[in-house]
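Subject: Structure for you to look at

Hello,

Here is the structure I promised to pass on. Please open it first and keep it beside you while you read the notes below.

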Amino acid sequence: MAAESGHAGTQTLQRLADAMRGPLLRPGNPEYEERRRVWNGAIDRRPLAIACCADAEDVSIAVKFAAKERLPLTIRGGGHNVAGLAVRDGTLMLDLGALNRVEVDAQARIVRVEGGALWRDVDAATQPYGLATTGGFISSTGVGGLTLGGGVGWLMRRCGLAIDNLIAADVVLADGRCLVASADRHADLFWALRGGAGGFGVVTRFTFRLHAVGEVFAGAVFHPLEAAPALLRAFREFAPMAPEQGTLMLAFTTAPPAPFLPPQVHGQRVVALGYCWSGDPVRGEHALAPLIGFGQPLGRVGGIMPYAAWQQTFDVNAPAGDHHYWTTSTLDVLDDALIDALVPNAAAPPDALCDVHVYHLGGAVAALPADASAFVHRDAPFFINSIGRAQTAEKFTEVREWARGLRSSLAPWARDGMQANFAGEVRDWHEQTHDAVTRARLENLRRKYDPAGLLLPVRSD
Ligand SMILES: Cc1cc2nc3c(=O)[nH]c(=O)nc-3n(C[C@H](O)[C@H](O)[C@H](O)COP(=O)(O)OP(=O)(O)OC[C@H]3O[C@@H](n4cnc5c(N)ncnc54)[C@H](O)[C@@H]3O)c2cc1C
């Protein structure tokens with residue numbers, strides 16, 4: 001049960017402002033306007049105040065304040081959550097943006113990452129040592145939200161999900177207590193943090209295992225739309241069997257005006273194969289040849305490069321401020337009937353900015369037992385994300401309905417439930433992101449660690 005909002009007035013909030021090292025932003029402050037905005041431009045909410053935490057002590061002060069005042073809290077990590085979990089009307093937002101320090105212990109192969117860091121902060125610190133851990137498919141996402149929701153990315157088939165590399169988390173609980181959760185300390189909380197998708201406390205520091213990842217063999221191959229059915233069939237055969245050093249994805253997208261594509265296809269709908277081989281880069285080309293050599297592409301880009309460079313390649317395609325609605329389907333097969341249902345919808349979205357992304361899992365992701373963490377469906381071979389996106393609010397409803405329609409059209413093949421990180425609305429976060437058994441276990445733990453429901457997202461947001 002989510003907490004009812006208390007009535008913290010100006011004087012009460014001033015007590016919080018006086019106690020914290022970082023600023024407390026109130027409506028009217030230009031910085032408040034900036035920090036209340038999240039990546040998804042469709043989210044337009046106004047918190048009561050924004051507590052910009054300078055350190056873990058500030059987090060504890062703000063959480064204790066919220067608990068005393070019965071003031072629900074939201075947590076802003078990287079601000080990328082499409083459902084807008086980081087911000088809610090009339091509540092206290094904890095902005096962790098200044099908690100972005102990253103400390104590498106190259107010898108022990110671990111990295112300690114503060115709760116508001118972005119993946120590019122982690123890459124910048126680890127890559128000089130030829131080390132990395134699984135972040136996402138781009139580098140501007142927050143470590144916090146991405147990790148707590150599981151965390152799929154270019155390194156996952158070799159190194160596991162982001163949560164599979166989590167060794168410990170420093171947490172401020174909803175009553176302000178601080179503890180460290182790990183496999184042998186508060187193991188129930190540690191289980192929930194790994195895939196439970198947040199709401200158990202504020203993680204002020206994540207400790208991750210690192211892997212030897214320097215240069216990768218990575219790139220993208222662009223095909224005409226007509227090749228999509230055959231490419232999808234080739235993908236479904238090759239991807240599950242691919243060596244675990246390789247992670248691949250297919251994207252129905254709009255061709256960028258890039259020099260590696262002929263001018264006549266710029267702005268046209270195409271299907272692109274993205275790949276990243278994180279083993280010996282020289283072996284990558286041979287290992288991935290059956291798929292990257294497929295058909296007669298329109299153009300290709302890529303080669304051997306530092307992992308961090310590849311990780312940033314698509315950042316430019318994901319600027320903040322557009323209006324997004326995302327949803328996702330978890331699949332056991334990509335059979336011909338599914339391909340027939342998918343291609344026409346993916347080929348003709350209502351806005352050229354909309355994408356459809358087809359991913360595979362397997363490898364190290366599937367190597368752990370299903371209940372090793374709260375991330376469900378780790379054994380699923382495929383998932384598909386429908387990315388509804390428009391530049392204007394006027395077009396939002398249309399792209400949202402297209403994305404929802406696409407998911408419905410895949411329902412005959414999809415498992416129940418969706419990956420929390422790609423749930424585009426709070427209702428889905430509550431109802432769809434875990435199976436019944438996992439949800440019940442998570443609810444029990446929420447009652448234990450946040451009995452007043454201060455951190456629970458409200459369904460009506
Ligand atoms: C462009 C883009 C690309 C993406 N790519 C990937 C991808 O490759 N792989 C993937 O798995 N996901 C991906 N996602 C989804 C993303 O992981 C989730 O949306 C995630 O919630 C974003 O985390 P954040 O910290 O940036 O978001 P925020 O909106 O800041 O946070 C979302 C919620 O996470 C929780 N949270 C965040 N930080 C903390 C913390 N330190 N302590 C406690 N709770 C916290 C809170 O509940 C918060 O409300 C992508 C999203 C976008 C927009």
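A polar contact here is a pair of N or O atoms within 3.5 Å; within protein, one of the two must be able to donate a hydrogen and the other to accept it, and residues adjacent in sequence count only if both atoms are side-chain atoms. By that rule, two residue pairs are in polar contact between domain 1 and domain 2, both at pLDDT 80 or more.

Some ground rules come next. This is a predicted model, in which local features need pLDDT of at least 70 and side-chain atom pairs count only at pLDDT 80 or more, while totals for chains, interfaces and linings use all residues. Residues are numbered from 1 along each chain as its sequence is written, and side-chain values use heavy atoms, with hydrogens and water left out.

Domains 1 and 2

The protein chain is assigned domain 1 (10–95), domain 2 (102–212) and domain 3 (215–428); such bounds come from an automatic or database domain assignment. Between the C-alpha centres of domain 1 and domain 2 the distance is 22 Å. Their contact (heavy atoms within 4.5 Å) takes 11 residues from domain 1 and 15 residues from domain 2.

The size of an interface is often given as the accessible area lost when the parts come together. Buried area is that loss, taken with a 1.4 Å probe and summed over both parts. For domain 1 and domain 2 the buried area is about 900 Å², and carbon and sulfur atoms give 74% of it. Helix α3 (residues 56–69) supplies six residues, the largest share of the side of domain 1 that touches domain 2. Helices (H or I, at least four residues) and strands (E, at least two) are DSSP runs, numbered from the N terminus. By class, that side of domain 1 has six nonpolar, four polar and one charged residues. In this scheme Ala, Val, Leu, Ile, Met, Phe, Trp, Tyr, Cys and Pro count as nonpolar, Asp, Glu, Lys and Arg as charged, and the others, Gly among them, as polar.

How many salt bridges does the rule find across the interface of domain 1 and domain 2? It finds zero. A salt bridge means a side-chain nitrogen of Lys or Arg within 4 Å of a carboxyl oxygen of Asp or Glu.

Salt bridges elsewhere

The structure holds 24 salt bridges. One of them joins Glu33 and Arg46, with the closest N and O atoms 2.8 Å apart. Glu33 is in helix α2 and Arg46 in the loop between α2 and β2 (49–52), 13 residues apart. For exposure, buried means under 20% relative accessible area, exposed means over 50%, and partly exposed is in between (1.4 Å probe, protein chains only). Glu33, at 29%, is partly exposed, and Arg46, at 37%, also counts as partly exposed.

Arg120 and Asp315 form another salt bridge, at 3.8 Å from N to O. Arg120 lies in helix α4 (residues 119–126) and Asp315 in the loop between α10 (307–311) and β16, so the pair ties together parts 195 residues apart in sequence. Arg120 is partly exposed at 34%, whereas Asp315 is buried at 14%.

Asp351 and Lys395 also meet in a salt bridge, at 3.2 Å from N to O. Asp351 is buried, with a relative accessible area of 13%, and Lys395 is partly exposed at 25%. Returning to Glu33 and Arg46, salt bridges with shared partners join these two with Arg36, Arg37 and Asp44 into one network.

Arg35 lies in helix α2 (residues 30–36). Leaving aside neighbours within four places in sequence, Arg35 is in contact with Leu25, Ile50, Arg76, Met93, Asp95 and Gly97.

Thr134 sits in the loop between β7 (131–132) and α5 (143–148). Is Thr134 buried or exposed? Its relative accessible area is 1%, so Thr134 is buried. A polar atom of the Thr134 side chain lies 2.7 Å from the backbone oxygen of Gly160.

Leu331 is placed in strand β16 (residues 323–331) and is buried, with a relative accessible area of 0%. Leu331 and Phe382 are 51 residues apart in sequence, yet 5.1 Å apart in space, C-alpha to C-alpha. Beyond neighbours within four places in sequence, the contacts of Leu331 include Leu338, Phe382, Ile384 and Trp413.

Regards

Technical notes
Buried area is the accessible area (1.4 Å probe) that two parts lose on being put together, summed over both.
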